[in-house]
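Here are my notes on the model you sent over.

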Amino acid sequence: MTAEALPAHASASRSTQLGIAVMLAGILLFSLNDVMGKWLVATYSVGQVLLIRSAAALLILSPFIWKAGVRSLIRIEQPRMQVLRVILSSLEVYCFYFAVIYLPLADVMTYWLAAPIYVAALSPFLLGEHVGWRRWTAIFIGFVGVIVALEPSAATLTAPALISIFGSFAFAFMMLSGRSLRATPDTTLVFWQTIGAGLFGLATAPFGWVTPSAPDFALLGLLGVVAMIAHVCVNRALKLADAATVAPFQYTLLLWAVIFGWLVFGDIPRPAMLAGAAIIVAAGLFIFFREQRAKKNMNA
C-alpha cells in the first residue's frame with residue numbers, strides 16, 4: 001500500500017464506521033418513536049396522534065422545502081404512483097399505531113420486519129425483477145417465520161394481529177412503489193407522505209378526540225420531530241457507507257422493541273415470536289445480500 005493510498009483507505013474506514021454509528025442512532029430514534037407512539041395511543045386516538053405528529057414533522061421539513069423550492073413538490077413524476085404511495089404510507093402508519101394499542105411492540109415490529117420478504121416475493125410480478133431459486137427458498141422460509149410468529153389459532157388470529165399483517169403488506173407495497181420513483185427527491189417523497197398521514201389524521205381525529213395536556217401535546221409534537229431526525233440519520237448513513245454494510249443494522253429495531261417493550265410496558269416476548277423473528281431476520285438478511293450480489297454482477 002502506497003503512502004497516498006493509506007489516507008484514502010483510512011478515510012473510507014472512518015466513513016464506514018460513522019455510517020454504522022449514524023444508522024444505529026437512527027434506528028434507536030425510530031424505536032423511541034415507536035415507544036412514544038404506543039404510549040400516546042393508549043390515551044389519544046390514532047387519528048389525533050397522526051394529525052399532531054404530521055404537523056410537527058412539516059415544521060421540521062419547512063427549511064428543506066424552502067431550499068428545494070415549491071415547484072419540486074408540484075412537478076412530480078408518475079402522479080398516480082405518487083398518490084398510491086401516499087395512500088399506502090398512510091394506511092401503513094395507521095395500522096401500526098392501531099396494532100400497538102393491543103399487541104406488544106416486539107410482536108408488531110416482527111410483522112413489519114417481514115416487509116422486505118414480501119417485496120422480494122412481489123417484485124418479479126410487479127417490477128419484472130428476476131428472483132432465483134435461492135431467494136425463492138429464502139422467501140418461503142421467511143413466510144414460515146411469519147406463521148411461526150403469528151401462531152395461528154383462534155386465540156392469536158385477532159383483529160390487531162391481522163391488521164399488523166395488512167399494515168406490513170401496505171409497507172411492502174409502499175417500498176415497491178418507491179423503487180418506481182427513484183428520480184423523485186427524498187424531500188418530495190417525505191413531504192407528500194407526511195401530508196397524507198396528516199390528512200388521514202384530520203379526517204379521523206374528531207372521532208374520540210381527547211384534549212391533550214401541555215406535556216402530552218409536546219410529546220405528540222416530539223413524535224414527529226424524532227421520526228424526521230431518524231429518517232435523516234438513516235439516509236445519511238446510506239450515503240456515508242455501502243448499503244450492504246449499514247442496512248442490516250436496521251434489524252436492531254427488533255432488539256430495541258423487545259428491550260423497550262419489557263422496560264416500559266412489561267411485555268414478555270413469546271417464545272414463538274422470538275423464534276419467528278429469528279427466522280424472518282435470517283431470511284431477510286439472506287435476501288438482502290443476494291440482491292446486493294446480483295447488483296454487483298450486473299454492474300461488473
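Helices here are DSSP runs (H or I) of at least four residues, numbered from the N terminus. Bear in mind that this is a predicted model.

1. Start with Leu103, which sits in the loop between helix 4 (79-102) and helix 5 (105-112). Is Leu103 buried or exposed? It counts as buried, at 14% relative accessibility. Leaving aside neighbours within four places in sequence, Leu103 is in contact with Lys38, Val108, Pro160, Ala161 and Ser164. Take Lys38 from that list: Leu103 and Lys38 are 65 residues apart in sequence, while their C-alpha atoms are 9.6 Å apart in space.

2. Now the charged pairs. Side chains of opposite charge can pair when their charged atoms come close. How many salt bridges turn up in the whole structure? The search finds three.

3. Arg270 forms a salt bridge with Asp107, with 2.8 Å between the closest N and O atoms. This pair links distant parts of the chain, 163 residues apart: Arg270 is in the loop between helix 12 and helix 13 (271-299), and Asp107 is in helix 5. Asp107 is buried, with a relative accessible area of 5%, whereas Arg270 is partly exposed at 25%.

4. Arg270 turns up again with Glu151, where the side chains meet in a salt bridge at 2.6 Å, N to O. Glu151 comes from the loop between helix 7 and helix 8 (159-179), 119 residues from Arg270. With a relative accessible area of 36%, Glu151 is partly exposed.

5. Arg135 and Glu291 are both buried.

6. Last, have a look at the surface. Trp39, Trp262, Leu263, Val264 and Ile268 form a nonpolar patch there, with about 590 Å² of accessible area together. Helix 12 (residues 252-265) supplies the largest share of the patch, three residues. Trp262 lies in helix 12 and is exposed, with a relative accessible area of 52%.

Note on methods. Residues are numbered from 1 along each chain as its sequence is written. This is a predicted model: local features need pLDDT of at least 70, side-chain atom pairs count only at pLDDT 80 or more; totals for chains, interfaces and linings use all residues. Side-chain values use heavy atoms; hydrogens and water are left out. Patches are made of residues with over 30% relative accessible area and no salt bridge: like charges are joined within 9 Å, nonpolar side chains (Val, Leu, Ile, Met, Phe, Trp, Tyr) within 5 Å. Accessible areas come from the Shrake-Rupley method with a 1.4 Å probe; for residues, only the protein chains shown count as cover. A salt bridge is a side-chain nitrogen of Lys or Arg within 4 Å of a carboxyl oxygen of Asp or Glu. Helices (H or I, at least four residues) and strands (E, at least two) are DSSP runs, numbered from the N terminus. Buried means under 20% relative accessible area, exposed over 50%, partly exposed in between (1.4 Å probe, protein chains only). Contact means heavy atoms within 4.5 Å.
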